[in-house]
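Trainee: I have a chain to go through with you. I want to know what stands behind each label.
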Amino acid sequence: MSDPAGQDIMETALAQAAARLDERLVAAFAIGSLAHGGFAPLVSDVDVALVVDRADDSAAAAIDAARRKTIQRYEDSPQHALAARLSIFWSDWTSLADGTEAGRFPATDRLDLLDSGVLLHGTDRRAGCARPGHDALLLDSAAFAGTRFADHVYVHTLRHPDELAAQGARAVTKTVLFPVRLLYTAATGLLGRNDDAAGWYTASPQPAGGLVGAAARWRTDGIDDDAAAAELLRRELLPLYLHCLDRLRHHTARSSRPELAAPLTRLLAALGSPA
């Protein structure tokens with residue numbers, strides 16, 4: 001955890017959660033790029049994982065309040081934009097042990113916890129936790145794509161990437177690298193970290209290799225040529241998403257939950273039709 005600002009926000013979030021949960025908070029971890037590397041203050045999230053005694057509505061309310069209070073704490077600080085990107089994942093040890101998605105802990109983030117989490121508080125019981133398999137990670141990716149990418153605002157962004165380019169490096173790089181991370185996980189069964197996924201995608205000819213390579217650079221250096229970035233997005237963003245959706249549909253149709261392929265098929269048809 002080499003970024004002082006990110007670490008400070010994470011410690012504040014932990015203090016806020018501990019104040020509300022008290023003895024109900026049994027463990028806390030840093031996850032995401034602050035834990036496993038690749039943190040870029042310009043675009044990265046601050047990811048915290050909490051383990052409570054029981055994943056229930058009262059824990060959810062306390063954790064939501066802790067997140068809101070942490071963001072408010074930095075309202076007049078230069079770190080406010082980074083604090084607003086705080087994500088808190090949470091569950092209990094029983095659910096983590098049997099792989100149940102109680103609380104807020106998708107399969108990809110559970111894998112991140114098991115492989116790269118850094119203990120901040122409490123007792124580490126990860127050795128007894130179920131490891132998400134390739135199928136679970138694939139289905140997590142397919143369900144995410146079938147809902148998040150189908151949002152009408154997201155579809156509009158994919159059809160009109162000039163508007164995306166004007167939103168800056170964070171919006172651009174997250175939009176570009178989301179589908180790349182999903183493709184990487186579907187193909188390898190590994191956690192889709194930005195640098196790993198971008199390197200894997202650009203290692204061989206792909207429909208949007210130029211855009212993905214540029215987005216990997218923009219995460220740390222920012223966008224230095226807005227006009228060139230806009231042109232690259234116009235040319236390669238939609239083909240990237242069509243490629244991602246097609247591959248996820250192919251994998252999902254052969255999985256344990258083939259019905260999840262249907263939303264991907266509908267989204268492919270919608271994106272492939274005239275605007």
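Mentor: Start with burial: a residue counts as buried when its relative accessible area is under 20%. By that cut-off, 49% of the 275 residues of the chain are buried. Keep in mind that this is a predicted model.

Trainee: What makes the chain agree with a compact globule?
Mentor: Set the value against the rule. A compact globule of 275 residues would have a radius of gyration near 19 Å. The chain has 19 Å, so the two agree. Along its principal axes, the C-alpha trace spans about 55 × 45 × 30 Å.

Trainee: How many helices and strands does the chain have?
Mentor: There are 14 helices and four strands. Among contacts with a separation of 6 or more, 70% come from residues 24 or more positions apart.

Trainee: Which residues of α8 are buried?
Mentor: Helix α8 covers residues 152-159, and Y154, V155, T157 and L158 are its buried residues.

Trainee: How do you know where on α8 the buried residues lie?
Mentor: Look down the axis of α8. The buried residues fall within an arc of 155°, so they line one face of the helix. An α-helix has 3.6 residues a turn, so residues three or four places apart point the same way.

Trainee: What covers the buried residues of α8?
Mentor: The cover includes α7 (134-148), α9 (161-165), α10 (169-188), α13 (226-253) and α14 (261-272). A contact here needs heavy atoms within 4.5 Å.

Trainee: How many side chains are positive and how many negative?
Mentor: The chain has 28 positive and 35 negative ones, and the centres of the two sets lie 3 Å apart.

Notes. Residues numbered from 1 in each chain as written. Predicted model: local features only at pLDDT ≥ 70, side-chain atom pairs only at ≥ 80, totals over all residues. Heavy atoms only, no water. Helix = DSSP H or I, 4+ residues; strand = E, 2+ residues; numbered from the N terminus. Rg over C-alpha atoms; globule rule 2.2 N^0.38 Å. Buried < 20%, exposed > 50% of the residue type's maximum accessible area, 1.4 Å probe, protein only. Lys, Arg positive; Asp, Glu negative; His and termini not counted. Charge placed at Lys NZ, Arg CZ, Asp CG, Glu CD. Arc of directions from axis to C-beta.
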